[in-house]
Amino acid sequence: MTPNEVLKMAKEQGAKLVDLRFMDFPGLWQHFSVPISELDESSFEDGYGFDGSSIRGWQPINASDMLVVPDPTTAKMDPFYTDPTLVLICDIVDPVTHEPYTRDPRHIAKKAEAYLQSTGLGDTAYIGPEAEFFIFDSIRFESARNRAFYEIDSVEGIWNTGRDECPNLGYKPRHKEGYFPVPPMDKFQNLRSEMLLTLESLGIAIEAQHHEVATAGQAEIDMRFQPLLQMADQLMWFKYVLKNVAHRHGHTVTFMPKPLFEDNGTGMHTHISIWKEGKPTFAGDKYAGVSQEALWAIGGILKHTKAICAFSNPTTNSYKRLVPGFEAPVNLAYSSRNRSAAVRIPMYSDSPKAKRIEFRTPDPSCNGYLAFSAMLMAVIDGIQSKIDPGDPLDKDLYSLPPEELADVPSAPGSLEEAFEALKADQEFLLKGDVFTQDVIDMWIEYKTEEEINEVKLRPHPHEFFLYFDI
């Protein structure tokens, strides 16, 4: 869509406002609105000013002025605002040089796509994330100097089988049994369908929606694969739509990886394939019907997983899910069909177009622009360096004897460990200036100071259970 076509669309839809949206460093959509009269063709070059020092991980106060420049290809009408509002996703540029801002996650994703094309390995990287989430009825939490708690509730929570609900009609999924009985056990079919249909109304292709394994409303809605940048944009619309549909029905949605103790966490299994001149490069005659390039790509993912986790599993809570011995894919191995491996080759179809690799370690707390870019850079490095992934492991990795499992490396056990891996293994990210040293250093610094250290400093409620009587 061109700027002129956007203006025509805005007029046809009766838009009164323009909502300008962009991604902050940690991974939340930010926005501000202007009257539709403030949008003309020059806006797509000149942009709009804002204070970059108020955005997490960005500019210092003495160099705070920045510009958002709308991307006309992203134009959509917001499905929730009272007044008709045109939404444009924006890139961030320096107001003096008009150069792209190096810490803008969307700019990094653009550079990753450009780098792939420059290598000659392919012209398109397709990404298909399976972003799981929870639908809760209530969430209460507090973290103060003298107290800390959280309390989650859900009409589906198995802990509510004894609650007086005037009347309590039962049908609450037991722990790890939410995948996926019909209603009335599944109480969110209609809500998920509304989410799906809202996404489709925005032009986002959806493959399926269903309940997930955990009790208390865990769910999944799968988007059809798209090119990397487009999918990163869609992931932001995805989170926005799900949260707002739930909110208007008195529910809340979270993409937190591990909100419930002793039940399944929330992952984001991510499917990746590279195409060149309209043909899939990952289809071939090797193991599970993939090409040698696909096997090298798997080798790149497995070699760099610990560093990738700094972006694909970027919260301290991420590592409550990535715990050895449970269902999360922490074992750095690959297989066909075997869901206990970190990398899987889906076997649903023999079609060459369906051949891809599935990286199962990531979770949806990530900044998609950064996480997808890091995954692609690992894939490219694997192919360029011809990294051998070793032999596949088709056994149940969780039933292996300790001496055999000891030979299988694991994902990081904490965000700190992921950052140590990133410090030691970052050359593959710096190729083509996709990730700059400044971006990596600021990512580690911000997350360490604002998240890791903040969590480490605070007593944990369970520590009182364990130690108060010492």
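How many helices and strands does the secondary structure of the protein come to? The count is 13 helices and 18 strands. This is a predicted model. The radius of gyration is 23 Å, close to the 23 Å that the globule rule gives for 470 residues, so the protein is as compact as a globular protein of that length.

**Overall build**
- The C-alpha trace spans about 65 × 60 × 50 Å along its principal axes.
- Of the 470 residues, 54% are buried.
- Take the contacts between residues at least 6 apart in sequence: 68% of them join residues at least 24 apart.

**Helix α5**
- Helix α5 covers residues 228-248, which is 21 residues.
- From first C-alpha to last, α5 reaches 30 Å, close to the 30 Å expected at 1.5 Å a residue.
- Because 16 of its 21 residues are buried, α5 is largely enclosed by the rest of the structure.
- Glycine 250 follows α5 and has a positive phi, near 80°.

**Salt bridges**
- Side chains of opposite charge can pair when their charged atoms come close.
- The protein has 24 salt bridges.
- Arginine 56 and aspartate 24 form one of them, at 2.8 Å from N to O. This pair links distant parts of the chain, 32 residues apart. Arginine 56 sits in the loop between β3 (48-51) and β4 (65-70), and aspartate 24 in the loop between β1 (17-23) and β2 (29-35).
- Aspartate 24 has a relative accessible area of 0%, so it is buried. Arginine 56, at 33%, counts as partly exposed.
- Aspartate 153 and arginine 163 meet at 2.7 Å, N to O. Aspartate 153 lies in strand β9 (residues 148-153) and arginine 163 in the loop between β9 and α4 (189-201), so the pair ties together parts ten residues apart in sequence.
- Arginine 163 is partly exposed, at 31% relative accessibility.
- Lysine 172 bridges to glutamate 165, with the closest N and O atoms 3.2 Å apart. Lysine 172 is buried at 5% relative accessible area, whereas glutamate 165 is partly exposed at 24%.
- Asp71, Asp91, Arg106, Lys110 and Asp233 are linked in a salt-bridge network.

**Nonpolar surface patch**
- Ile139, Phe141, Tyr150 and Phe261 make a nonpolar surface patch of about 520 Å².
- Phenylalanine 261 is in the loop between β13 (252-254) and β14 (268-276).
- Why does phenylalanine 261 count as exposed? Its relative accessibility is 64%, and the cut-off for exposed is over 50%.

Key: Residues are numbered from 1 along each chain as its sequence is written. This is a predicted model: local features need pLDDT of at least 70, side-chain atom pairs count only at pLDDT 80 or more; totals for chains, interfaces and linings use all residues. Side-chain values use heavy atoms; hydrogens and water are left out. Patches are made of residues with over 30% relative accessible area and no salt bridge: like charges are joined within 9 Å, nonpolar side chains (Val, Leu, Ile, Met, Phe, Trp, Tyr) within 5 Å. Accessible areas come from the Shrake-Rupley method with a 1.4 Å probe; for residues, only the protein chains shown count as cover. A salt bridge is a side-chain nitrogen of Lys or Arg within 4 Å of a carboxyl oxygen of Asp or Glu. Helices (H or I, at least four residues) and strands (E, at least two) are DSSP runs, numbered from the N terminus. Buried means under 20% relative accessible area, exposed over 50%, partly exposed in between (1.4 Å probe, protein chains only). The radius of gyration is taken over C-alpha atoms; the globule rule is 2.2 Å times the number of residues to the power 0.38. Contact means heavy atoms within 4.5 Å. The expected span of a helix is 1.5 Å times one less than its number of residues.
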